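Colleague: I have a model open and would like to learn how to read it feature by feature. Could you walk me through it?

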Amino acid sequence: MDKKQEKLQQARMFLQALGLPEAQHNDRSGWVFLSLANIKPDDDWHEAQALLLPTVEIMQFIRENYGQDYKPNSRETIRRHTLHQFEQARIIDRNRDNPSRATNSKDNNYSLNKPILEILREFPSGCWKQKIEEYKAVLPNLQELYRRNLDLLKIPVTLPDGQEIKLSPGKHNQLHADIVHEFCPRFIGEGGQVLYIGDTASSREEGGKFMVLETSVLERLGVPPLSHDKLPDLVVYDEKREWLFLIEAVTSPGPISPKRKLELENALI
């Protein structure tokens, strides 16, 4: 077995020992883990590092050091089917340099966390198996703490009816909150009803997340079912005037584009 295959098999063995399901200790996950640890074929595991790596640099490391050339459209597969699960299992941190960074930011990065680095210092010939068992014993507490910390970074939104929701961090979602809290009371009034609001940051991460979607009211108003990417950012109904506000939240100046205007007209007329 050459050194590249040996390192790949060791990485897979480590991930399996951590208790990850089979889909997360396959070859792809092994290569991703090697890149996150900055372990090249000739390196020893005790040299592992915790660099802040965006997905594109992870793919570049794998290509240059292990000869696996992932195409650009593989980035989503790596992120959604490996990095996301690594984060849930508390193997890695996302945006350690700025935890409040938006989920869909181009600057997102991933890095091994400190407990995993400590175990790797004992891998593969030291007492790493014992350290893994100790780590797994406290893992539920670590996962809960991580979830609580992420929740603290979310943006609270109080809807006109008093319902409270939380949006993922990010400037677009902050603008969503400002629209609900500032624009709606000023230009729509107390009777305004939020019929739709989406979580912008999770739209790419999770295939679209409807934080509020009043389907029955929209259908009663004659609005056909629309996919997440076709809906405006917010839909608010003023029952008194019988006006439907279609609100796009953008952080750059300028009017709505003719293309987007035509899309909404075709969908609603």
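**Reading the cores**

Modeller: Gladly. Among the 40 residues of the largest nonpolar core, those touching the most other members are Phe-14, Phe-33, Ile-91, Leu-112, Ile-116 and Leu-120. Keep in mind throughout that this is a predicted model.

Colleague: Which elements give two or more residues to this core?

Modeller: The general idea comes first: in soluble globular proteins, nonpolar side chains tend to be buried together. Here the elements giving two or more residues are α1, α2, α3 (55–66), α4 (75–88), β2 (110–112), α5 and α6. Helix α2 supplies the largest share of this core, six residues.

Colleague: Let's turn to aromatic rings. How many aromatic pairs are there?

Modeller: The idea is to look at the distance between ring centres and then at the angle between planes; planes under 30 degrees apart count as stacked, and over 60 as edge-to-face. The count comes to 11 aromatic pairs. Take Phe-14 and Phe-33: their ring centres are 5.3 Å apart and their planes meet at 25 degrees, so this pair is stacked. Phe-14 belongs to helix α1 (residues 3–17) and Phe-33 to helix α2 (residues 27–37), so to speak of the chain, the pair links distant parts 19 residues apart.

Colleague: What kind of pair do Phe-14 and Phe-123 form?

Modeller: An edge-to-face one, because the planes of Phe-14 and Phe-123 are at 75 degrees, with ring centres 5.2 Å apart. Phe-14 is in helix α1 while Phe-123 sits in the loop between α5 (114–120) and α6 (128–152), so the pair ties together parts 109 residues apart in sequence. Phe-123 is buried, with a relative accessible area of 4%. Ring pairs link Phe-14, Phe-33 and Phe-123 with Trp-45, Phe-86 and Trp-128 into a cluster.

Colleague: Where does the charged end of Arg-241 sit?

Modeller: Over the ring of Trp-243, at 4.3 Å from the ring centre.

Colleague: Is Asp-238 buried or exposed?

Modeller: Asp-238 lies in strand β7 (residues 234–238), and at 4% relative accessibility Asp-238 counts as buried. For a sense of distance, Asp-238 and Asp-93 are 43 Å apart in space, C-alpha to C-alpha, and 145 residues apart in sequence.

Colleague: How should I read a helix with a buried face, and which residues of α10 are buried?

Modeller: An α-helix has 3.6 residues a turn, so residues three or four places apart point the same way. In helix α10 (residues 258–268), the buried residues are Arg-260, Leu-264 and Ala-267. Viewed down the axis of α10, they fall within an arc of 65 degrees, so they line one face of the helix. The face turned away from the buried side of α10 carries the exposed residues Pro-258, Lys-259 and Asn-266.

Colleague: How many disulfides does the structure hold?

Modeller: A disulfide is a covalent bond between the sulfur atoms of two cysteines. This structure holds zero disulfides. As for individual cysteines, Cys-127 counts as partly exposed at 35% relative accessibility, whereas Cys-184 counts as buried at 3%.

Colleague: And what does the whole protein look like?

Modeller: The protein has 10 helices and eight strands, and 43% of its 269 residues count as buried. Its C-alpha atoms fill a box of roughly 75 × 35 × 30 Å along the principal axes.

Methods: Residues numbered from 1 in each chain as written. Predicted model: local features only at pLDDT ≥ 70, side-chain atom pairs only at ≥ 80, totals over all residues. Heavy atoms only, no water. Buried < 20%, exposed > 50% of the residue type's maximum accessible area, 1.4 Å probe, protein only. Helix = DSSP H or I, 4+ residues; strand = E, 2+ residues; numbered from the N terminus. Arc of directions from axis to C-beta. Phe/Tyr/Trp six-rings, centres within 6.5 Å; stacked < 30°, edge-to-face > 60°. Lys NZ or Arg CZ within 6 Å of the ring centre and 35° of its normal. Disulfide = S-S within 2.5 Å. Core = buried A, V, L, I, M, F, W, Y, C linked by side-chain atoms within 4.5 Å.
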